[in-house]
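Hi,

Here is the model I promised to pass on.

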Amino acid sequence: MTQENKFLKRLLQWHDENPRDMPWSGITDPYSIWISEVILQQTRVAQGWDYYLSFIDKFPDVDMLASANEDEVLKAWEGLGYYSRARNILKSAHIIVKEYAGVFPNEYDQIIALPGIGPYTAAAIGSFAFGIKKPVLDGNVLRVITRYTGNDSDILNNKTKKEIQIYLEEVMTRVDDPAVFNQAIMNFGALQCTPGIPNCNECIMSKNCIAHKENIVEFLPVKLKKIKKKNRYLNFIDLRDDQGNFLIHRRQAKDIWKGLYEFFLIESKAEIDIKKELLKKEFKDFGISVKGKIAIEKQSSYKHQLTHQTIYGKIFTVRCQKILDGGPNMLITNSLSEYAFPKLLDLYLQDNLETYD
Ligand code: SF4
């Protein structure tokens, strides 16, 4: 029996002996699989599943989603982060309605051509909904295969991913049910061939696993690329007046949180105390005019970690008698709950505003 055949036989045997009931088990509708995969890529299952249920409740099918506006979709996505994913979901919904009459495409090349759908999500939708033989290459799967085959190339390199994909596509040619295979290998990575030091002595693959035989399990998979992180200092001015109005605007630049709302922002290269600066200028330099004296009531700090950036957010709660003019691109509103804010500002509002939820 070839190495691939042994791998397949043992994997399916392990899967039979280790059933894992997940909330999405048995879902075959491509729209639901798509939304759940995108949401669960960025959050833990317990938390993500609630988001998924509420998203599907608001937008139960692709037609309902496509008829929503961007603000509604971003509001439903609020708190999940990576808002470009929500915008891509909306763009894809428009394409499905326009080009496929609202019916989710059932070919891998059509699925992967949709905005925001990469090889992993396309393989998940393809295999779980349509029985397409494409492997899901997530971190768990890459770990299992690099160890089983003793592959010590950098898994962050696309060439290595391609090699592993080819290996798995070869294995999948012998598979009857691609959905079962993909679920089995993901579960095997999550439960048996775990990060760190797994329990190889009680593993069904141990006889043929090269990493185990050569005693190199703890060194695989290899990840060489280091992510360069940058610090950003965002100073937000939460200007509110005695009538309960706030000053906000929608982020337009090609940057994090595009399309979400925020308070008046001054970004700086390092930590600064803008209190004095702000009081001195009294907003006039920014085109904002107010009635009455401006007073800084409070300063709050929040740190938010993104993959490539650490955000140090300071929010100044500033009061005036009346906001007369918001200045360019600013919006005066007394109903913040209608708008989607980045997580950092959402936390601040929950901590500081009773009427916000
Ligand atoms: S023997 Fe160890 S390293 Fe190899 S597949 Fe099993 S758990 Fe993973």
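Asn 329 is in the loop between β7 (322–325) and β8 (331–333); helices here are DSSP runs of H or I with at least four residues, strands are runs of E with at least two, and both are numbered from the N terminus. Its phi is near 65°, a positive value in a residue other than glycine. Asn 329 is also exposed, with a relative accessible area of 70%. For that label, buried is under 20% relative accessible area, exposed is over 50%, and partly exposed is in between, with a 1.4 Å probe and protein chains only.

Before you go further: this is a predicted model, where local features need pLDDT of at least 70 and side-chain atom pairs count only at pLDDT 80 or more, while totals for chains, interfaces and linings use all residues. Residues are numbered from 1 along each chain as its sequence is written, and side-chain values use heavy atoms, with hydrogens and water left out.

At 65% relative accessible area, Asn 215 is exposed. The loop between α12 and β1 (230–241) also holds Pro 221, and a cis peptide bond joins Leu 220 to Pro 221, with omega about -5°. I flag these because most residues other than glycine have a negative phi, and most peptide bonds are trans.

Ile 216 belongs to the loop between α12 and β1 too. Ile 216 is partly exposed, since its relative accessible area is 23%. Its C-alpha atom is 27 Å from that of Tyr 120, which is 96 residues away along the chain.

Now the ligand. Where does the ligand sit? It is in the largest cavity. A cavity here is a set of points, on a 1 Å grid over the protein atoms alone, where a 1.4 Å probe fits but cannot get out; a molecule sits in one if more than half of its atoms lie within 2 Å of its grid points.

On the cysteines: a search of the whole structure finds zero disulfides, a disulfide being a pair of cysteine sulfur atoms within 2.5 Å.

Helix α9 (residues 139–149) is mostly covered, with eight of its eleven residues buried. Lys 207 is in the loop between α11 and α12 and is exposed, at 68% relative accessible area.

Asn 187 is in helix α11 (residues 178–191). It is buried, with a relative accessible area of 2%. Leaving aside neighbours within four places in sequence, Asn 187 contacts Trp 14, His 15, Arg 20 and Gln 192.

Elsewhere, Ile 35 lies in helix α2 (residues 30–40) and counts as buried, because its relative accessibility is 0%. Not counting residues up to four places away in sequence, Ile 35 touches Tyr 52, Phe 55, Ile 56 and Ile 89. From Ile 35 to Cys 200 is 35 Å, C-alpha to C-alpha, with the two 165 residues apart in sequence.

Finally, the overall picture:

- The chain has 14 helices and eight strands.
- Its C-alpha trace spans about 85 × 50 × 30 Å along the principal axes.
- Buried residues make up 49% of the 357 residues.
- Among contacts between residues at least 6 apart in sequence, 67% join residues at least 24 apart.

Cheers

How values were computed
On a 1 Å grid over the protein atoms alone, a cavity is a set of points where a 1.4 Å probe fits but cannot get out, and a pocket is an open set with protein on both sides within 12 Å along at least five of seven lines; lining residues have an atom within 4 Å of a point. Contact means heavy atoms within 4.5 Å.
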